[in-house]
Amino acid sequence: MIQRIQSLYLVIAILLNGVLSFYLPLWITSDNIEIFIISQPIAISLFLLSVLISIITLFSFKRRKRQFVLGRINIILNFVLVGVFAYWTLSLPGEMDISEKGIGMLLPIISIVFIALANKAIKKDEDLVKSVDRLR
């Protein structure tokens, strides 16, 4: 499990969504107040759901097809999170007072990259197992 490269990619995605999202600000208001994920219940629930799916994906290493499907679901969930952030930043003036975007808004995009790399490695493993089964 740990010696596979997709495990490393999934651990990085878990660290991004589970740890760094609590320490990096999502945005800064016009009054120079940093807004973190703790004050946004929708964002925190989506981040924690992404972490949960990544952990389940990490530990289902014996079922590569399930691992691949969970990775795709996690990518879709992170795209939803990017969409929520885009909606918040592009909403009507006065509803959300966002003057400067923080690095926390980029975490789902970086996470998507690492989950896609993990899915690519899982697919490569699955193709390798299928090719070995053909030789028997």
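Me: Buried means under 20% relative accessible area, exposed over 50%, and partly exposed in between (1.4 Å probe, protein chains only). So what does Glu126 count as?
Reply: Glu126 counts as buried, at 14% relative accessibility. Keep in mind that this is a predicted model, where local features need pLDDT of at least 70, side-chain atom pairs count only at pLDDT 80 or more, and totals for chains, interfaces and linings use all residues. Residues are numbered from 1 along each chain as its sequence is written, and side-chain values use heavy atoms, leaving out hydrogens and water.

Me: What's the mean pLDDT of the chain?
Reply: The mean is 85, and 91% of the residues reach 70 or more; pLDDT is the predictor's confidence in each residue, from 0 to 100.

Me: Which element has the lowest mean?
Reply: Strand S3 (residues 100–101) has the lowest, at 72, while helix H2 (residues 41–59) has the highest, at 92. Helices (H or I, at least four residues) and strands (E, at least two) are DSSP runs numbered from the N terminus.

Me: Back to Glu126. Which side chain does it meet in a salt bridge?
Reply: Glu126 meets Arg64, with 2.8 Å from N to O. The pair links distant parts of the chain, as Arg64 is in helix H3 (residues 64–90) and Glu126 in helix H4, 62 residues apart. Arg64 is partly exposed, at 22%. By the way, a salt bridge is a side-chain nitrogen of Lys or Arg within 4 Å of a carboxyl oxygen of Asp or Glu.

Me: How many salt bridges are there in the whole structure?
Reply: The search finds 3. Another one joins Arg4 and Asp125, whose closest N and O atoms are 3.4 Å apart. Arg4 lies in the segment before helix H1 (5–23) and Asp125 in helix H4 (residues 107–135), so this pair ties together parts that are 121 residues apart in sequence. Arg4 is buried at 17%, whereas Asp125 is partly exposed at 23%.

Me: And what about Asp127 and Lys123?
Reply: Their side chains form a salt bridge too, at 3.7 Å from N to O. Asp127 and Lys123 are 4 residues apart in helix H4, so about one helical turn separates them. Asp127 is partly exposed at 36%, and Lys123 is partly exposed at 41%.

Me: New topic! How many aromatic pairs does the structure hold?
Reply: It holds 3. Rings of Phe, Tyr and Trp (its six-membered ring) pair if their centres lie within 6.5 Å; planes under 30 degrees apart are stacked, over 60 edge-to-face, and the rest tilted. For Tyr9 and Phe114, the centres are 6.2 Å apart and the planes at 40°, so the pair is tilted. Tyr9 is in helix H1 and Phe114 in helix H4, so parts 105 residues apart in sequence are tied together.

Me: What about Phe47 and Phe85?
Reply: They are a tilted pair, with 6.2 Å between centres and 45° between planes. Phe47 is in helix H2 and Phe85 in helix H3, 38 residues apart. Both are buried, and ring pairs link Phe47, Phe85 and Trp88 into a cluster.

Me: How many residues are in the largest nonpolar core?
Reply: It has 18, and Phe47, Phe85 and Trp88 are among those with the most contacts inside it. H3 gives the most to this core, with 6 residues. A nonpolar core is a set of buried Ala, Val, Leu, Ile, Met, Phe, Trp, Tyr and Cys residues joined through side-chain atoms within 4.5 Å.
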